Amino acid sequence: MAQLNGTLNANTTCADFTPFLNYVAIKTTGLVDSYQTDVATRSCASYTCLLLHNGAVIHFDPTVSFGATDSLRLIWWGVDPDGKVTGGNQGKSLFLYQYYDGKLRSIGGIIPGSQEVGYTYPGPCESCEPNWFSWN
């Protein structure tokens, strides 16, 4: 894990931000919900899952980095508000995208052509936003 010292680089991952987050524990077992239209779940054995004080879980792929330093590079975080699978046949996590240049967007506002290492996003997915979320 690279130590953040006020600068980011192409190898920065979500794990590099964890010293700045107020979480209770790292979960290594169990499942959490994915985004609204995804029927899959996320395993805390494969993803990093940070348990928050209110029971929510922030989850992310520890292998994903910006990969480059342009304005369309991103890393992502999922936020499951109750920290367990309760979405039925669809997820209810909010997916947030931290861009290299500092922008933070949800899955419904992702910029077309945004990239993480190994994947290019076609554009926003407004139907993927959980019903409980609003920027307002």
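These legends accompany close-up views of a glutamate and of the cysteines in a predicted model. Local features need pLDDT of at least 70 and side-chain atom pairs count only at pLDDT 80 or more, whereas totals for chains, interfaces and linings use all residues. Residues are numbered from 1 along each chain as its sequence is written, and side-chain values use heavy atoms, with hydrogens and water left out.

**View 1. Glutamate 116 is buried and has no salt bridge.** Buried means under 20% relative accessible area, exposed over 50% and partly exposed in between (1.4 Å probe, protein chains only), and a salt bridge is a side-chain nitrogen of Lys or Arg within 4 Å of a carboxyl oxygen of Asp or Glu.

**View 2. Cysteine 44 and cysteine 49 form a disulfide.** A disulfide is counted where a pair of cysteine sulfur atoms lies within 2.5 Å, and here the sulfur atoms are 2.2 Å apart. The link of cysteine 44 and cysteine 49 is left-handed, with -95 degrees about the S-S bond, and both cysteines are buried.

**View 3. Cysteine 125 and cysteine 128 form a disulfide, with their sulfur atoms 2.0 Å apart.** The torsion about the S-S bond of cysteine 125 and cysteine 128 is about 60 degrees, so this disulfide is right-handed. Cysteine 125 counts as partly exposed because its relative accessibility is 22%, while cysteine 128, at 3%, counts as buried.

**View 4. Cysteine 14 is buried, with a relative accessible area of 1%.**

Terms used. Lys, Arg positive; Asp, Glu negative; His and termini not counted.
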